[in-house]
Each structure stands twice: as C-alpha cells, then as structure tokens.
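We will go from stop to stop, picking residues and looking at what surrounds them.

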Amino acid sequence: MKRYSDCPQVLRDFLTYHETIKGQSQLTISEYYLDLRMFLRFMKLMRCDMPIHTKLDEIDIRDIDIRFIESIRTSDLFDFLSYLANDRTVNPESAMPEYGISPASRARKLSSIKSFFKYLTVRTKQLTENPAADLEYPKLRKSLPKYLTLEQSAALLKAVSGQNQERDYAILMLFLSCGIRRSELVGLNMTDIYEDRIRVVGKGNKERFVYFGSSCRKAIDAYLPIRQMMVLTDNRALFGSRNGNRISTDAVHALVKKAFLKAGLDATQFSAHKLRHTAATMMLSGGVDVKTVQEVLGHENLNTTQIYTHIENTELKIAAEANPISKLKLTDD
C-alpha cells in the first residue's frame, strides 16, 4: 500500500480490506482511493483553519484519525455533495472550466463514502453511528447507451492501419465479438486464449468464459505471430505496448479513438465502452436471449443487461413505422 502513502492509516486499512478480503479489482480500489481522499481533504478544509487560497488537491490528510472521522455528521456529507454539484471544477486546465460534476460521478463518490462508513460501523465497529446510512443517491437521467450499427462497426474495422494494425484489429474484434470491458481486455494473458473462447477476469476477480466467432479467431491468429516475437516486462500479457509493457487502459482508449477518427465516426460520441454496448445490441439483434447476454457481459444483475432490450424495442418500433403499410390511409366504406 506504499502507493497510498498520502492517506491516513484508517483509509489505507479500508483499501487493504477491499483488496485482500473482498478481492476487488485494482480499478475499484483506485476509485475508492481517489473518492475518499477528496472527501477527507474537503472535510479537513472545512474543519481546520487554513489560508483562504488553499487548494483542495494539496491538503495533507495523513494526520486524520478515527476521532476526526467520528465527528463527521450527515450535514457535512450534504456540504460535500453540494460542493461536487456546484463548485468542483470539471476541467481545471481549461481556459473556461466548467463547475459541478455529473450526477453519475457524484453517485459514485457517495457510494465510496457509504462503503467507507459501513466498513467503520459494521465490519470493524470503530464507529457506532453511520452518517451516510440514509443518504439518497443523486437522481440519474436514464438514457439508452450509444452503440454502432453493423455498417459503422465494419467501417471501424476497415479503418485500422499503421504499425500496430494486427494488434489493434484483434483488440477491436474482441470488443465487438465478446463485449468485454477495457480493464478485462488489458488483463488478458496469452494463456487466456482458447480455440473458440477467452477466459476473462471481471469485476470482483470473477472468472468467466466468453466465446467468439471465426472472424475474431482469424484476427487473433494474425496477431499472435507478432506477439510471440515481442519481449514484454510481463511476458504473460496478450497485448503489449511499444514501450515493452502490458498495454494500458489509456493506450486502448487512444487506439480506439484513433480508429473512430479514421473511420469518420464522431470520436466524442463513442469509446471502447460503446463497443461493449454494440456487442450486446448485436447479440440481442441476432436472437440471443437476455439471460445469455447477461452471462457474456458478466453483469451481476439482470436489470443491467435489460437496458439493451429497450434499444431493440426502439429499433423494432422504427422498423414498424418504416413499413409502407403504416402510412396507408384507409377511407370509410
């Protein structure tokens, strides 16, 4: 936990618990760390006498102890949520920064706070009262996920070129064929590739097998000879980067954006995660039942998967309205 040395012991203990006991992914642990570090910095700024121009991101919180946390009340949490909604800078480096982060981002930070106080009250019993217990999450606007059509998907694959063509093509094919997450793709090892499926380690370190078709198999086969000539710092990794390391989530994000731009698609509207949405939508379009799609995507809750059925319902409605018979005007006898 040296990487979290700028945090108080009580927060490091919480992160260790979720990493070693709960077995949660490094991405989840990192999100807890960033969210709770910001929260505790805000609490210290509000409680302690600091210069008026003190920057939140520079506040030292290593001296915070359980007594300080015990003094936090529900009203303090409301103050923090208000800060996030109205005063937190979205793009601090921008010439015209925006203020107030999205409801989804606020909900994630509140989830981290709730987990932290639950750990302190229920798991370790260091506190007797939980100020976050009855806090409601910000209301989220429900919207259908964006996804590519079959024609757009084909254009995206056709646009792949350059020095890492075989690698990038295989990555896009895995996204579109298997609907895996970006973190799951980055974590793939050479030994996770089988004849017609991959072994994926998802959220909570849960393993699942995801099958792929012949086109994806061909893309992997075209890349493997190139990969076998590479020497990486982690030689288990399926996908490597030009600096000799396992490919990072940021690098995957960049290569996907590059492919979108080359294909003439709006890179601001699509991302690697949208390829996951695309895979799910195509599966349902092809007649796969929603329960099976849930297993493929690694969703814990079926409700998470069922949003894609709404997409299909929308498409069916559009198809029905496009039928010429829908525009036929009948006269009374």
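With which side chain does the side chain of D76 make a polar contact? Select D76 and R47: their side chains make a polar contact at 2.6 Å. (A polar contact is a pair of N or O atoms within 3.5 Å; within protein, one must be able to donate a hydrogen and the other to accept it, and residues adjacent in sequence count only if both atoms are side-chain atoms.)

Before moving on, a word on the model. This is a predicted model, in which local features need pLDDT of at least 70 and side-chain atom pairs count only at pLDDT 80 or more, while totals for chains, interfaces and linings use all residues. Residues are numbered from 1 along each chain as its sequence is written, and side-chain values use heavy atoms, with hydrogens and water left out.

**Stop 1: around D76**

Colour helix α4, residues 74–86, where D76 is found. (Helices, H or I of at least four residues, and strands, E of at least two, are DSSP runs numbered from the N terminus.) The D76 and R47 side chains also meet in a salt bridge, 2.6 Å from N to O. (A salt bridge is a side-chain nitrogen of Lys or Arg within 4 Å of a carboxyl oxygen of Asp or Glu.) This pair links distant parts of the chain, with D76 in helix α4 and R47 in helix α2, 29 residues apart.

Is D76 buried or exposed? D76 counts as buried because its relative accessible area is 14%, whereas R47 is partly exposed at 36%. (Buried means under 20% relative accessible area, exposed over 50%, and partly exposed in between, with a 1.4 Å probe and protein chains only.) Now show the neighbours: leaving out residues up to four places away in sequence, D76 touches M43, R47 and S71. (Contact means heavy atoms within 4.5 Å.)

**Stop 2: D35 and its partners**

Next, select D35 in helix α2, residues 26–47. D35 is buried, at 1% relative accessibility. Which residues does D35 touch, not counting those up to four places away in sequence? Show R108, K109 and S112 to see them.

R108 forms a salt bridge with D35, and the closest N and O atoms are 2.6 Å apart. Here too the pair links distant parts of the chain: R108 sits in helix α5 (residues 103–123) and D35 in helix α2, 73 residues apart. R108 is partly exposed, at 34% relative accessibility.

**Stop 3: a bridge within one helix**

Go to D221 and R217, whose salt bridge has its closest N and O atoms 2.8 Å apart. Because they are four residues apart in helix α9, D221 and R217 are separated by about one helical turn. D221 is partly exposed, with a relative accessible area of 38%, while R217 is buried, with 18%. For a network to compare, select E31, D35, R108 and K109, joined by salt bridges that share partners. The whole structure holds 17 salt bridges.

**Stop 4: the nonpolar cores**

Select L174, I198 and F239, the residues with the most contacts inside the largest nonpolar core, which has 46 residues. (A nonpolar core is a set of buried Ala, Val, Leu, Ile, Met, Phe, Trp, Tyr and Cys residues joined through side-chain atoms within 4.5 Å.) Elements that each supply at least two residues of this core include α6 (150–158), α7 (165–178), β1 (197–201) and α9 (214–228). Helix α7 gives the most, with eight residues.

Centre on L174: beyond four places in sequence, the residues that L174 touches include I198, C216, I220 and F239. A second, separate core has 38 residues, among them L15, Y17, M38 and L127.

**Stop 5: the whole view**

Zoom out. The protein has 13 helices and two strands, and 41% of its 333 residues count as buried. Of the contacts with a separation of 6 or more, 56% are between residues 24 or more positions apart.
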